[in-house]
Amino acid sequence: MNTFAAASRPSMASLVIRWAALLAVCILIFSFSSANAEVSSEQSGTVVEVVEEVVFDDFKGLDAAQAAEAEDILTIAVRKLAHFSVYALLGFTAFFAFVQMGSSGTRYIFAVIFSLAYACTDEFHQTFVDGRAGMLMDILIDTAGAMTGALIPMAVVAKREKRHRKLQKILQKEKREKLLEEIRAEQEAENDK
């Protein structure tokens, strides 16, 4: 058994918070997916307008056709970045919710598989929403986001686990050396008799 995992078992309150955070992200994604095409377009349209104002002041100098094409590209980018970001959050929270699954690598795999499964059900859910469709590309983007989101805490936890294993080896070596010293001292005491 992983001694580091056993030594750092979370409390029941911590587990409840971790799973509540994961559930909250799932509900957030479900609510975004439940919005019909018109509402979804309004949401992303608002973000696109802000990005146009803040980042792309040059839009104002474009003719109507160029501005429409640029806005279409920006809209797609905003929508796909939203998919990536919210699933990065899902992967991040799933990694922490699966704390009892063992090593950081195992937790990462469970977080990504959970997020992939949720992305599939989410896209299926969208096929029942007015004006929406499930898209394989969105599942891929969602999974890439989840992989990225789970990778960040995995790297931190893996580094902690490695440091802990190194410390355990040092302590075991010191314990062995101390035991050998005690045996030698006992042998010398017997030889002196």
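Axes are lines fitted to C-alpha atoms, for helices over the stretch in contact, and angles run from 0 to 180 degrees between N-to-C directions. Helices (H or I, at least four residues) are DSSP runs, numbered from the N terminus. The model is predicted, with local features requiring pLDDT of at least 70 and side-chain atom pairs pLDDT 80 or more, while totals for chains, interfaces and linings use all residues. Residues are numbered from 1 along each chain as its sequence is written, and side-chain values use heavy atoms, without hydrogens and water.

Q: Why is α2 called roughly parallel to α5?
A: The axes of α2 and α5 come within 10 Å and cross at roughly 25 degrees. Angles under 35 degrees count as roughly parallel, over 145 as roughly antiparallel, 65 to 115 as roughly perpendicular and the rest as oblique. The pair α2 and α5 is therefore roughly parallel.

Q: Which residues make α2 and α5 meet?
A: Contact means heavy atoms within 4.5 Å. R18, L22, C26, I27, I29, F30, S33 and S34 in α2 meet R107, F114, Y118, D122, H125 and Q126 in α5. By class (Ala, Val, Leu, Ile, Met, Phe, Trp, Tyr, Cys and Pro nonpolar; Asp, Glu, Lys and Arg charged; the others, Gly among them, polar), this contact has seven nonpolar, four polar and three charged residues.

Q: What makes α5 roughly antiparallel to α6?
A: Helix α6 (residues 136–192) and α5 pack at an angle of about 160 degrees, with axes 9 Å apart. The term roughly antiparallel therefore applies to α5 and α6. Their contact divides into 14 nonpolar, four polar and five charged residues.

Q: Why is α2 described as roughly antiparallel to α4?
A: The helices α2 and α4 pack at about 155 degrees, with their axes 8 Å apart. This angle makes α2 roughly antiparallel to α4. The residues of this contact comprise 14 nonpolar, one polar and one charged.

Q: Is the crossing of α2 with α4 left-handed or right-handed?
A: A crossing is left-handed if the near helix is turned anticlockwise from the far one by less than a right angle, and right-handed if clockwise. α2 passes α4 in a left-handed crossing, whereas α2 passes α5 in a right-handed one.

Q: What space lies in the largest pocket, and what is its lining by class?
A: On a 1 Å grid over the protein atoms alone, a pocket is an open set of points where a 1.4 Å probe fits, with protein on both sides within 12 Å along at least five of seven lines; lining residues have an atom within 4 Å of a point. About 670 Å³ of space lies in the largest pocket. The closest to its centre, of 24 lining residues, are S40, R79, A82, H83 and R132. The lining has 11 nonpolar, eight polar and five charged residues, and its largest share, eight residues, comes from α4.

Notes. Points joined across faces, edges and corners; volume = space filled by probe spheres on them. Helix = DSSP H or I, 4+ residues; strand = E, 2+ residues; numbered from the N terminus.
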